[in-house]
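Colleague: Hi! Could you walk me through this one?

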Number of protein chains: 2
Amino acid sequence: MSVPAVNLAQTPGGRQYVRLPGPWSLELGGTLPEVTVAYETYGRLNAAGTNVVLVCHALTGDAHVAAHHPGDKPGWWEGLVGEGRPLDTRRWFVVCSNILGGCQGTTGPSSINPATGEPYGLDFPLITVGDMVRVQQALLKHLGVRRVAMVTGGSLGGMQALTWVALFPEMIDQALLFGSPWASSAQAIAWNEIGRHAILMDPNWQDGRYEPGRGPDQGLAIARMLAMISYRSWGDFNQRFGREQVPPGTDPVAERAGKYATMLPAGHPFHMRFQMESYLHYQGEKLVRRFDARTYLYLTRAMDLFDCNEYDQSHWDRAAKAGVRVTAVGISSDILYPAEEVQGLVQELQQRGVQAEYRHLESPAGHDAFLLEAETTGRWIREALAREVPS
Amino acid sequence: MSVPAVNLAQTPGGRQYVRLPGPWSLELGGTLPEVTVAYETYGRLNAAGTNVVLVCHALTGDAHVAAHHPGDKPGWWEGLVGEGRPLDTRRWFVVCSNILGGCQGTTGPSSINPATGEPYGLDFPLITVGDMVRVQQALLKHLGVRRVAMVTGGSLGGMQALTWVALFPEMIDQALLFGSPWASSAQAIAWNEIGRHAILMDPNWQDGRYEPGRGPDQGLAIARMLAMISYRSWGDFNQRFGREQVPPGTDPVAERAGKYATMLPAGHPFHMRFQMESYLHYQGEKLVRRFDARTYLYLTRAMDLFDCNEYDQSHWDRAAKAGVRVTAVGISSDILYPAEEVQGLVQELQQRGVQAEYRHLESPAGHDAFLLEAETTGRWIREALAREVPS
């Protein structure tokens, strides 16, 4: 590509933007004329460009892994990044970028299509995890990164980490995955499809051409509510909510975060009655406020299409030759990507000659344990990085 | 009640109707002026009125347990009722009634409110499993039943069977439950609430005052689709559908059952791509054609409210004194009412002095194993009934 990348801006919160010139040819045949990437970094890149940890976020995550300074907004792996932390910024240059197709600054279906001056909507091409990873790799090149000590992430972030092993094994030392599969299961596809369907059937969907703030909030909230079942567990909900009822006349959800458009009025015979319901509505409404429904469609479809069987043996031979090590963590109570599925991933890699190890995270928290059990997650990151010697 | 019950009709398919005069005072304070019950029977009641098995159906089931004659529509426990079958009609008089709140002929929210001449809609009072069981008991009295050898059912049917133990222990010998809890868990409430929310947010909901065939089909289909995840299992879906794709240009769902109002047009970028999706849409559409969304709201809420802790020890003392035996079957792959929850139910009963036994059904089919593993289910019914000596 002859057109250089352009640094666009850096916000006080630590978010930076770069425009990577195209055209970008996508795996499923689509093209993007250019891609803007929003990302955040922690620590400093060494002169050799080799002290790098790439963190990959999950479906509704973003580049903000942790606060950059006291008073900054906490990140989704808060406590894991900083001086003396598992991702120790005295030693490591930590990078996390908002993924392709997202809605936090990186090009996605809510971005303006340069050809029309309007948001892409459904004109945005279908994307894959491979496309996301190629954009990440171009970002790292732009930043001067030559080698990555570790790629890590959970869920969709783990899918990205595994795809790094398949696509750019010569550039990475190891991958550490939490609760992610070798290929999306039928049930994982089912969860996603129902959420998408709720969005697409919302009268405010309007073929994806809605104005900001006037989108299919009800559908997106339903998608989030049902996803929350898949992210937690039967035992976790029992322990946290049980059969606790919302005291009559109060509306704790509304108290916590204002009045919601997606909720039934108090007094309605089917207004929420249990704390469990209040929690679900709260989670639904919270996502609606920070996330775009179009992105939800495109990213969940990319997850459905994730299938490492599509990479032939030449990819895994390269990974084996490069000496890439994979550690995959299964979570005991994960119903979305069950521990046995993560064990299967390790076996698939081993059968293809790639160094892979399974670790079991015993936790009642469900799939989200990769976010909630930060102490264990952090300890394992620290242990894995202790074996790394940045050149 | 001085007004006698009135036999209303009997259809050629075996469905019978009776009007039970009221007023019916409901557990949560509501009243129904009268209740019509639709039911089906198999075999003949003996002179003493004691050779009775009461079968209780689940959320979207009905009174049609099995075909009444060759060529009749198969029932939801087809193969279990008939001459020489586990529920042997040479010996047993088998009764199943459509439950209160339903939409198959028994009074429910889509029935006409005698006070207004319009469907009840949201004016229908909230009901409980206890209310359903009281209506069943009145039906049995009307039929001349004096003693019930066994009450059996799965899921919501199991909740009814357990409620029989609490409310009418002197009238029954034993209860056989499949995949049902002592009290609805937080996660069970979560599944239900999301389905209800999808219905209530459908623009065709119209406060429940829709014309037949113009209801919230999209919302009800979404409710059904997500319930299907809870009824099956990760392994079951993997085995049946895996990552199999729908061949491009074909639409197997449409081929199976006509064109659906609830689906995206072919060619849409998010039209179903995987067989898993096709199956979900098929299940959603199938329910829409035979079920009413208002009933879905009322019955799921009754399930949420199911909590046997609300029956004080006097109920269980009566059950113990009457010698009622409870057998509760847990299903190994059930994610809706996990086996450990059914084990918990047995412990709760034992702690209260009621004879209770746990049986484990090893099956990959998920919660629906109580429907799908008919051979095992039938064998256990047969074994339990072998101990009965109708007087």
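**Chat about the two chains**

Modeller: Happy to! B:Pro23 sits in strand β2 (residues 16-25) of chain B; helices (H or I, at least four residues) and strands (E, at least two) are DSSP runs, numbered from the N terminus. This is a predicted model, where local features need pLDDT of at least 70, side-chain atom pairs count only at pLDDT 80 or more, and totals for chains, interfaces and linings use all residues. Residues are numbered from 1 along each chain as its sequence is written, while chains are lettered from A and ligands numbered from 1 in the order in which they are written.

Colleague: What kind of peptide bond joins B:Gly22 and B:Pro23?

Modeller: A cis one, with omega about 0 degrees.

Colleague: New topic: how many residues does each chain put into the contact?

Modeller: Chain B gives 41 residues and chain A gives 41 residues. Two residues are in contact if their C-beta atoms, placed from the backbone, lie within 7 Å.

Colleague: And which helix of chain B gives the most?

Modeller: That's α3(B), with 11 residues on the side that touches chain A.

Colleague: What does B:Leu226 touch?

Modeller: Leaving aside neighbours within four places in sequence, B:Leu226 is in contact with A:Ile194, A:Leu226, B:Trp191, B:Ile194 and B:Gly195.

Colleague: Which rotation superposes chain B on chain A?

Modeller: One of 180 degrees, with 0.0 Å of shift along its axis and an RMSD of 0.0 Å. The two copies are thus related as by a two-fold rotation axis; the superposition is by least squares on the C-alpha atoms of residues with pLDDT of at least 70 in both.
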